[in-house]
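Biologist: I have a protein model open and would like to learn how to read it. Could we go through it one feature at a time?

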Amino acid sequence: MSSRRSRVSEEEINELISKLQSLLPEARRRGGGRASAAKLLKETCNYIRSLNREVDDLSGRLSALMATMDHNSAEAEIIRSLLRQ
């Protein structure tokens, strides 16, 4: 293992923070105002948690829907084709 560590410059960190900020709905609502890196990371974690909850909810709803359908029906085939995409 090398004794030198790869260092990320402050400019690179600022660029990554800007990119991250552009992906978060809460940060976009704030407009051009910059949040601290710590606040942005907290918002990122909260957003990822909310996305996970949404995926879990949608997965449960889809499972319930599929359980009520005839697996050979046209509707079931449409759902399967959407899931493959």
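Biologist: Which residues is glutamate 43 in contact with, leaving aside its neighbours within four places in sequence?

Modeller: Keep in mind that this is a predicted model. A contact is counted when heavy atoms lie within 4.5 Å. By that test, glutamate 43 touches Leu24, Glu26, Ala27 and Arg30 once its neighbours within four places in sequence are set aside. Glutamate 43 itself sits in helix α3.

Biologist: Is glutamate 43 buried or exposed?

Modeller: Buried means under 20% relative accessible area. Glutamate 43 has 12%, so it counts as buried.

Biologist: Which residues are buried in α3?

Modeller: The buried residues of α3 are Leu40, Glu43, Thr44 and Met66. Their cover includes α1, α2 (25-30) and α4 (74-84).

Biologist: How many helices and strands does the protein have?

Modeller: Four helices and zero strands. Along the sequence this reads α-α-α-α.

Biologist: Where is threonine 68, and what lies by its side chain?

Modeller: Threonine 68 belongs to helix α3. A polar atom of its side chain is 2.7 Å from the backbone oxygen of leucine 65. Threonine 68 is also exposed, at 63% relative accessible area.

Biologist: Now to charged side chains. How many salt bridges are there?

Modeller: Side chains of opposite charge can pair when their charged atoms come close. The cut-off used here is a side-chain nitrogen of Lys or Arg within 4 Å of a carboxyl oxygen of Asp or Glu. The count by this rule is four salt bridges.

Biologist: What is the N to O distance between lysine 19 and glutamate 15?

Modeller: It is 3.3 Å, and their side chains form a salt bridge. Lysine 19 and glutamate 15 are four residues apart in helix α1 (residues 10-23), so about one helical turn separates them. Lysine 19 is partly exposed at 47% relative accessibility, and glutamate 15 is partly exposed at 43%.

Biologist: Which residue forms a salt bridge with arginine 61?

Modeller: Aspartate 57 does, with the closest N and O atoms 3.4 Å apart. Arginine 61 and aspartate 57 are both in helix α3 (residues 37-68), where they stand four residues apart, about one turn of the helix. Exposed means over 50% relative accessible area. Arginine 61 has 54% and is therefore exposed, while aspartate 57 has 40% and is partly exposed.

Biologist: Which residues are linked in a network of salt bridges?

Modeller: Glu77, Arg80 and Arg84 are linked in this way. Glutamate 77 is partly exposed, with 37% relative accessible area, and arginine 84 is exposed, with 58%.

Biologist: Which residues make a nonpolar surface patch?

Modeller: A patch joins nonpolar side chains that are within 5 Å, using residues with over 30% relative accessible area. Here Val8, Ile13 and Leu16 make a nonpolar patch of about 270 Å². Isoleucine 13 is in helix α1. At 39% relative accessibility, isoleucine 13 counts as partly exposed.

Biologist: What share of the contacts joins residues 24 or more positions apart?

Modeller: Of the contacts with a separation of 6 or more, 5% are between residues 24 or more positions apart.

Biologist: And what are the totals for burial and accessible surface?

Modeller: The protein has 85 residues, and 15% of them count as buried. Its accessible surface is about 7300 Å², with 55% belonging to carbon and sulfur atoms.

Conventions:
Residues numbered from 1 in each chain as written. Predicted model: local features only at pLDDT ≥ 70, side-chain atom pairs only at ≥ 80, totals over all residues. Heavy atoms only, no water. Helix = DSSP H or I, 4+ residues; strand = E, 2+ residues; numbered from the N terminus. Buried < 20%, exposed > 50% of the residue type's maximum accessible area, 1.4 Å probe, protein only. Areas by Shrake-Rupley, 256 points an atom, 1.4 Å probe, with all protein chains shown as cover. Polar contact = N/O pair within 3.5 Å; in protein donor to acceptor, adjacent residues only side chain to side chain. Patch = residues over 30% accessible without salt bridge, like charges linked within 9 Å, V, L, I, M, F, W, Y side chains within 5 Å.
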